Amino acid sequence: MGIETYYLSKKNVSGVGGLFLLNQLQVADSSGGGKALLGSVVTENKSPFHTDYPVPQTMFAPRVLVDELEARREKLEIEGDIVLEREIAAGNENLEIEKNNSFSVGLGPFPAIPVNAKFQLDYSLLKKINITYGAGTLYQYIPMGYAAFLYEALKGKPTKKLGGKFLQKNAYISLIQLAKNWTVSFESTKEFTTDIEAQLDAYNVDSLVGGKAKIKKKSKFQLEASVKGDTYYVVGLMSTRWNELNIF
């Protein structure tokens, strides 16, 4: 599977850094994914055609770095929470993705919404995608300095529990973005065909979609999906390579 299987794009977000935007959203409360990805060790795939990227699937115990930092808190002289949160005011996080910044090519699912595989779009006709995050959007992250304390204490050699030599060559998830209300618009360079209305109706009443997202036609060239509810999803993430923690 390639990068487009997992991610829509990678965007440089102010105050965050290089954020991978998920195409396959994960329910936040998943035991082996979602919020449990934060602090988990993951494979970092090397791609000759795109940027290197983390596979959003834990290779060892979920949140293993969080647990290790908690266990060593006193020795590492860490004060305060290991995992910090930053809430984003509704509408203050807007991302624009143009065709040359999208990992998707050809036919693909509607971007960045739950159950998106049930509605296909032609990305060769993409002009731009806009994502606006609403109330409840937040980031959870592990301060890099805390993880660097652990790197220094271990002299750069993670224990077997942390992934050992695997982690030395790979990465861990250092930040996740959580959202429960947001909109995504897809703007095409070509008018949508006349059968688009029937496709939208079929998607919006599909019992498997179950109200997780609704898509409507905004114009001849633009579709808009909205996600509203109480279910949190992991919509974006960042990874940090273990060898990047050698900062002291």
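Trainee: Which elements do the buried residues of H2 pack against?
Mentor: In this predicted model, the buried residues of H2 pack against strands E3 (41-42) and E12 (171-179), together with helices H3 (73-76), H4 (144-153) and H5 (164-169).

Trainee: And which residues of H2 are buried?
Mentor: Helix H2 covers residues 64-71, and its buried residues are Val 64, Leu 65, Val 66, Glu 68 and Leu 69.

Trainee: Turning to the largest nonpolar core, how many residues does it have?
Mentor: That core has 76 residues, and Phe 110, Ile 113, Ile 131 and Trp 182 have the most contacts inside it. Strand E12 gives the most to this core, with 6 residues. In soluble globular proteins, nonpolar side chains tend to be buried together.

Trainee: What is Phe 110 in contact with, leaving aside its neighbours within four places in sequence?
Mentor: Its partners include the aromatic residues Phe 119, Tyr 123 and Phe 186. Asn 116 and Glu 224 are also among them, as are Val 184, Ile 215 and Leu 223.

Trainee: A change of topic: how many helices and strands are there in the chain?
Mentor: The chain contains 6 helices and 16 strands. Its radius of gyration is 19 Å, close to the 18 Å from the globule rule for 248 residues, so the chain is as compact as a globular protein of that length.

Trainee: What share of the residues count as buried?
Mentor: Of the 248 residues, 49% count as buried. Of the contacts between residues at least 6 apart in sequence, 75% join residues at least 24 apart.

Trainee: How many positive and negative side chains does the chain have?
Mentor: There are 29 positive and 27 negative side chains, with the centres of the two sets 4 Å apart.

Methods: Residues are numbered from 1 along each chain as its sequence is written. This is a predicted model: local features need pLDDT of at least 70, side-chain atom pairs count only at pLDDT 80 or more; totals for chains, interfaces and linings use all residues. Side-chain values use heavy atoms; hydrogens and water are left out. Helices (H or I, at least four residues) and strands (E, at least two) are DSSP runs, numbered from the N terminus. The radius of gyration is taken over C-alpha atoms; the globule rule is 2.2 Å times the number of residues to the power 0.38. Buried means under 20% relative accessible area, exposed over 50%, partly exposed in between (1.4 Å probe, protein chains only). Contact means heavy atoms within 4.5 Å. Lys and Arg count as positive and Asp and Glu as negative; His and the chain ends are not counted. The place of a charge is taken as NZ of Lys, CZ of Arg, CG of Asp or CD of Glu. A nonpolar core is a set of buried Ala, Val, Leu, Ile, Met, Phe, Trp, Tyr and Cys residues joined through side-chain atoms within 4.5 Å.
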